[in-house]
Amino acid sequence: MQITITQRILLSVSLVLVIATCDMLISAEIFTAIFYILPIALFSYQSSISIKYSILLSACTAIIWLVIEFSTHPYTNEKNLVFNGISRVAMFFGTAIIAKR
């Protein structure tokens, strides 16, 4: 069975929202950013959608992760949050770029 572009987009966005909801509910001590890679790869792994939309989904996913991380995880130093945010953005963008090739 072939998945249409619309189904792939809806599935990817739905997965990001489900993962974000689970991320809010579980402890901040568990590394959940790795789970966000699946919807980004699923979305990006098709030739009919431009790389700019894959990067856009990655940026939105990074923003969602950052908001959840900021609201649920107490940081003693804000520089750590910035470092974690930059590393997640790089990870999500890298996933999108690699999946497009």
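1. Which residues does Arg 8 touch, not counting residues up to four places away in sequence? Arg 8 touches Ile 3, Leu 42, Phe 43, Tyr 45 and Gln 46, where contact means heavy atoms within 4.5 Å. The structure is a predicted model, in which local features need pLDDT of at least 70 and side-chain atom pairs count only at pLDDT 80 or more, while totals for chains, interfaces and linings use all residues. Residues are numbered from 1 along each chain as its sequence is written, and side-chain values use heavy atoms, with hydrogens and water left out.

2. Arg 8 belongs to helix α1, residues 5–25; helices here are DSSP runs (H or I, at least four residues), numbered from the N terminus. Arg 8 is buried but has no salt bridge, and Asp 23, the nearest side chain of opposite charge, is 23 Å away. Buried means under 20% relative accessible area with a 1.4 Å probe, protein chains only, and a salt bridge is a side-chain nitrogen of Lys or Arg within 4 Å of a carboxyl oxygen of Asp or Glu. For charge, Lys and Arg count as positive and Asp and Glu as negative, with His and the chain ends not counted.

3. Helix α1 and helix α3 pack at an angle of about 10°, their axes being 10 Å apart, and α1 is therefore roughly parallel to α3. Axes are lines fitted to C-alpha atoms, for helices over the stretch in contact, and angles run from 0 to 180 degrees between N-to-C directions; those under 35 degrees count as roughly parallel and those over 145 as roughly antiparallel. On the α1 side, Asp 23 is among the residues that meet α3.

4. Helix α2, residues 37–44, packs against α3 at about 165° with the axes 9 Å apart, so the two are roughly antiparallel. The contact draws on Pro 39, Ile 40, Phe 43 and Ser 44 of α2, and on residues of α3 including Ser 54 and Thr 61.

5. The axes of α3 (residues 51–72) and α4 (residues 78–100) come within 9 Å and cross at roughly 155°, and these helices are therefore roughly antiparallel to each other. Among the contacting residues are Ser 54 and Trp 65 of α3, and Ala 96 and Lys 100 of α4.

6. Ser 54, in helix α3, is buried, with a relative accessible area of 0%. Not counting residues up to four places away in sequence, Ser 54 touches Phe 43, Ser 44, Ala 96 and Lys 100.

Technical notes
Buried < 20%, exposed > 50% of the residue type's maximum accessible area, 1.4 Å probe, protein only. Parallel < 35°, antiparallel > 145°, perpendicular 65-115°, else oblique.
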